[in-house]
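Here are some notes on the nonpolar core and the strand pairing, for you to check against the coordinates.

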Amino acid sequence: MQPMANIAVRAARQAGQIILRAMDRLDELHVEEKSRNDFVSNIDKEAESVIVDALHKTYPEHGILGEEHGQSFESDEFTWIIDPLDGTTNYLQGIPHFCISIALQKGRQLEHGVIYDPVRNETFVASRGYGAHLNGKRIRVSQRSR
């Protein structure tokens, strides 16, 4: 796995632990409505902070664009794009179908994408020029033309 993707995987797993621990106490979460049918909880914010800290610790010169905190750091070369709890509405309703999404953009081109499903412990990683993997094993599209 590419080093930058590896750091993103570690950050996503740290956030996943926070998100899973809070699932047993959904009624205690502080929830705000950002816009109609678009919610954010204190867990979204906490998970994003953990991800930002992990990425910024390793790559302090990289920009960070988070769904909850907006643009934390600016950079012309590398920018991390973070959705700390992709599927907040499902999460808040106790539906175990959500994930952590992290991408790295170099200039205007995406280089890495990480999707971590903490409920199923599935990690999808795609890196430009290296293909896609699920839990470390290469995945491919079907050979079917139709």
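1. Two strands count as paired if DSSP finds at least two bridges between them. The model is predicted, and the points below should be read with that in mind.

2. E6 and E7 form a hairpin, with two residues between the strands. Their pairing is antiparallel and runs over seven bridges. Within this pair, Ala103 stands opposite Gly113 in E7. Gly107, in the turn, has a positive phi of about 65°.

3. E7 also pairs with strand E8, residues 122-127, through six bridges, again in the antiparallel sense. Here Val114 stands opposite Val125 in E8. E7 and E8 form a hairpin as well, with four residues between them. Asn121 in that turn has a positive phi of about 55°.

4. Which residues of the largest nonpolar core touch the most other members? They are Ile19, Ile51, Leu55, Trp80, Tyr91, Ile100 and Ile102, out of 31 residues in that core. At least two core residues each come from helix H1 (3-22), helix H2 (42-58), strand E5 (78-86), strand E6 (99-106) and strand E7 (109-117). H1 gives the largest share, 11 residues. In soluble globular proteins, nonpolar side chains tend to be buried together.

5. Ile51 deserves a separate look. Beyond its neighbours within four places in sequence, Ile51 is in contact with Ala11, Ala15, Ile82, Pro84, Ile100 and Ile102. Of these partners, Ile100 and Ile102 are, like Ile51, among the core residues that touch the most other members.

Note on methods. Residues are numbered from 1 along each chain as its sequence is written. This is a predicted model: local features need pLDDT of at least 70, side-chain atom pairs count only at pLDDT 80 or more; totals for chains, interfaces and linings use all residues. Side-chain values use heavy atoms; hydrogens and water are left out. A nonpolar core is a set of buried Ala, Val, Leu, Ile, Met, Phe, Trp, Tyr and Cys residues joined through side-chain atoms within 4.5 Å. Buried means under 20% relative accessible area, exposed over 50%, partly exposed in between (1.4 Å probe, protein chains only). Contact means heavy atoms within 4.5 Å.
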